[in-house]
Amino acid sequence: MKDNYVLQLQNITKEYPGVRALNDVSLEVKEGEILALIGENGAGKSTLIKTCSGAVIPTSGKIIVNGKEFAHMTPQLAKENGIAIIYQEFNNVKGLSAAENLFLGNPIRKGIIIDQKAMEKEAEKAFAQLNIKIDPKTLVGDLTVGYQQMVEIAKAIQQDARILIMDEPSAPLTSAEVESMFKVCELLRSKGVAIIYISHRLEEIYRLSDRIVVLRDGSYVKTLITKDSHVDELIRLMVGRDLKETYPSREECIVEDEIILELQNLSGNGDKDINLKIRKGEVLGLGGLVGAGRTELVEMIFGSVRKTSGKILFKGKEIDPKSPREAIDLGIALVPEDRKRHGALLGVSIKNNINMPIYKRISRGSVIDSRQEMDVAQKYQKDLLIKTPTLNQLVKNLSGGNQQKVIIGKWLAANSELIIFDEPTRGIDVGAKFEIYTLINKLLQQGKTILLISSEMEELMGMSDRIMVLYEGRVTGELERNEFDQNTIMRMSSGV
Amino acid sequence: MKSTALNIIKEKAIWMVFVALFLVFAFANPLFVSSSNLFTIARQVAVLGIASIGMTFVILIAGIDLSVGSIITLVNVVGAYLMVNSGFGMVSAVLVSLLVGMLIGVLNGFLISTIGISAIIATFATQTVFKGLAYILSGGTPIYGFDERFKIIGQGYLGPVPVPVIIMIACFALGSFILNKSYFGRYFYAVGGSEEASRLSGILVGRTKYLVYALSGLFAGLAGIVMLSRTNSAQPTAGLGYEFDVITCVVLGGVSITGGYGKMSNVVAGVLIIGILTNGMVLMNVSTYMQLIVKGIVLALAVGFDSLQKKRATT
């Protein structure tokens, strides 16, 4: 048992400026074993597997593949040593056939002529080996997502992969497709392939894996033998940290009988039958893992994506915003997750960013009242303590925290009442985080209402008055402040 | 944020290029700086300058309008046809022609924004369609014989200053006003920077695109009217290939081809550079074919400079 480790990661550390994404993580996987890798969002799973593919170069540590030691991988080395990763986004060409995709980059050829027949024959053999029925001539774009994934796996095996790393492979699949994917995984295990399987669906992990490695906050926590472990233990290991960060205290701002937003059986955009109520002055936290459908939910409230059924009531009146513009005019604002691409207009000045939603209002005819424009910008620069020598500074030159403040300033200028924050402190340093929290409290005192999406457990529990948890597009639980508990939230987030 | 002096130089670089080029031609041929030649240049660039204002908006939102040349041609033909064959008065003929230019712009907006065709293909298609329409309408032959007063627009003088130059200056002032003072001018920069962030800030991106292409059509239409008056006869090839010069002017003026950055004042410099380059090369007896080569290289240099800066900024 000692000598058949095909892949060993030893003491892997990865540092980014100001952050330690991985801290001395070790794990190993044996021939013919399925090893599950689990952890919360941001636990370091993706970074860890990227060190295996060569996409991330570790700051220190060793990678040992079949006894050969490497300081880091490169995509080429990974391939030569039989490591393949199946990402959620497939690396396929939809306009080429399954066979051609299998041999993408190194087609079978005679001279300069591609040997279509030979490739199709080889592809047929490769698919047969995995017990999957795909006509090699079918265009990959015409295959279901499940079959496209099979082609990816077959391609990896075709290229002699002995270590297969799968990142949330079941996420895009239907339950029937998941079943066939499991069969393929089990078949590969019996052929001696080592599989590292990342999933947030704990039932899959119990069904499939031999051992489980738990990561938390970039550190290795524990390895468990799947059949000897219990789901409660697993959840405790994933979240078991001391709540140490302090959050600014705030006075009670909730107005009991004034409901600002109510959703009734709201469906669409991947979500189903969502019911919730937010009272004025409240922070409702939305918990869940990446892909749980939280961003998708707020997109519908903000008019960015249309709902398919159900009702949205804003201040007691039914609304159906068809564009963000309509939602903004009603008093709804969104501070999006991707600050740089969706939140701020980077190439535009602070002054213009803050005024962007209200330009029409502060214009006479089509001419901007430049005095009012400046007044508005100055007011929110002062209120929000945006640090800048001049309001004509382009937003791309600001720090993350200040960019976030500009976006908040924009919504205050627009007189928004409900402000939706989607991961408001992602990529923001600790000091600026605290400032954002203080700011959120200030907004509440001014009578605003907050819907907060956060994947950081501490932030979610520290800032929310109430938490609702989503899993795969459905509400799996709701907790009042005195019921907040990491284990419970994690359990709800994992659909257990 | 780095060095402000360096930034000022960068901002004004295009004007320095203009001055340098001006001096080169002035030394090469003294005729170049004669006042009659300078006015000729000003008159020549008027059409180019007017059309480049609309194109500035288009490129600011990261779009492109290849139909500008055809709009110029069609407006030439339509204006002439109305005045000569349909008995329209001068004013109404001009107004209808401008409307035609703008409507072609609206059509471009529809194809790009509502249907979702990429700007380069949509305006390429309308370019071809309206080129054909201009041939049909004109029967492939020139149309002439307008009211004497119509000449004023393209050939008249107000004091010592040619009327087309006054029109161009007024248009640049209007363009600059739109970009700097109007609220939709702010939208152009925003949309060019990031469509998604603009949408999430409450900008109606689709409507903004319609407006921009309509303005491009309108300014091209006005350029067409000025040209018609200057040549005093509508040629079915009047605006052939004009979009190339217009795009070159705008890009040379520092408007980023990927959208979001650019100033109207620098576009003026871009227009003047192309103007003196064309005129200077003629004076120096550079062949038409050679001129094409030079202009092509200028366009590649202008875009190349922009791209290199972008590349350096990201790495």
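**Close-up 1. Helix 3 and helix 4 of chain B run roughly antiparallel to each other in this predicted model.** The two axes cross at roughly 150° and come within 9 Å, an angle over 145 degrees, so the pair counts as roughly antiparallel. Helix 3 of chain B covers residues 68-85, and helix 4 of chain B covers residues 90-115. If you like to keep track of handedness, helix 3 of chain B passes helix 4 of chain B in a right-handed crossing. From helix 3 of chain B, the contact takes in B:Ile71, B:Leu74, B:Val75, B:Val78, B:Gly79, B:Leu82 and B:Met83. Helix 4 of chain B meets them with B:Met90, B:Ala93, B:Val96, B:Ser97, B:Val100, B:Gly101 and B:Ile104. By residue class, this contact holds 11 nonpolar, 3 polar and no charged residues.

**Close-up 2. Helix 7 of chain B packs against helix 10 of chain B.** Here the axes are 11 Å apart, at an angle of about 170°. That angle makes helix 7 of chain B roughly antiparallel to helix 10 of chain B. Helix 7 (residues 163-181) of chain B brings B:Pro164, B:Ile167, B:Cys171 and B:Leu174 to the contact. Facing them from helix 10 (residues 205-231) of chain B are B:Phe219, B:Leu222 and B:Val226. The residues of this contact divide into 7 nonpolar, no polar and no charged.

**Close-up 3. Helix 8 of chain B is largely enclosed by the rest of the structure.** How many of the 11 residues of this helix are buried? The count is 10, which is why helix 8 (residues 183-193) of chain B is described as largely enclosed.

**Close-up 4. A:Glu152 sits in helix 5 of chain A.** Is this residue buried or exposed? With a relative accessible area of 9%, A:Glu152 is buried, because buried means under 20%. Helix 5 of chain A spans residues 145-158. Leaving aside residues up to four places away in sequence, A:Glu152 touches A:Ile86, A:Phe90, A:Asn91 and A:Asn92. A:Phe90 is 62 residues from A:Glu152 in sequence, yet their C-alpha atoms are 7.2 Å apart in space.

**Close-up 5. A:Cys185 is in no disulfide.** The nearest cysteine sulfur belongs to A:Cys52, and it is 17 Å away. A disulfide would need a pair of cysteine sulfur atoms within 2.5 Å, and the count over all chains comes to 0. A:Cys185 is buried, at 1% relative accessibility. Another cysteine of chain A, A:Cys253, also counts as buried, at 18% relative accessibility.

**Close-up 6. A:Asn66 and A:Lys315 each have a positive phi.** Most residues other than glycine have a negative phi. For A:Asn66, phi is near 50°. This residue lies in the loop between strand 4 (60-65) and strand 5 (68-70) of chain A, and at 48% relative accessibility A:Asn66 is partly exposed. Where does A:Lys315 lie? A:Lys315 is found in the loop between strand 16 (309-314) and strand 17 (317-319) of chain A. Phi of A:Lys315 is likewise near 50°, and A:Lys315 is partly exposed, with a relative accessible area of 41%.

Terms used
Residues are numbered from 1 along each chain as its sequence is written. Chains are lettered from A and ligands numbered from 1 in the order in which they are written. This is a predicted model: local features need pLDDT of at least 70, side-chain atom pairs count only at pLDDT 80 or more; totals for chains, interfaces and linings use all residues. Side-chain values use heavy atoms; hydrogens and water are left out. Axes are lines fitted to C-alpha atoms, for helices over the stretch in contact, and angles run from 0 to 180 degrees between N-to-C directions. Helices (H or I, at least four residues) and strands (E, at least two) are DSSP runs, numbered from the N terminus. Angles under 35 degrees count as roughly parallel, over 145 as roughly antiparallel, 65 to 115 as roughly perpendicular and the rest as oblique. A crossing is left-handed if the near helix is turned anticlockwise from the far one by less than a right angle, and right-handed if clockwise. Contact means heavy atoms within 4.5 Å. Ala, Val, Leu, Ile, Met, Phe, Trp, Tyr, Cys and Pro count as nonpolar, Asp, Glu, Lys and Arg as charged, and the others, Gly among them, as polar. Buried means under 20% relative accessible area, exposed over 50%, partly exposed in between (1.4 Å probe, protein chains only).
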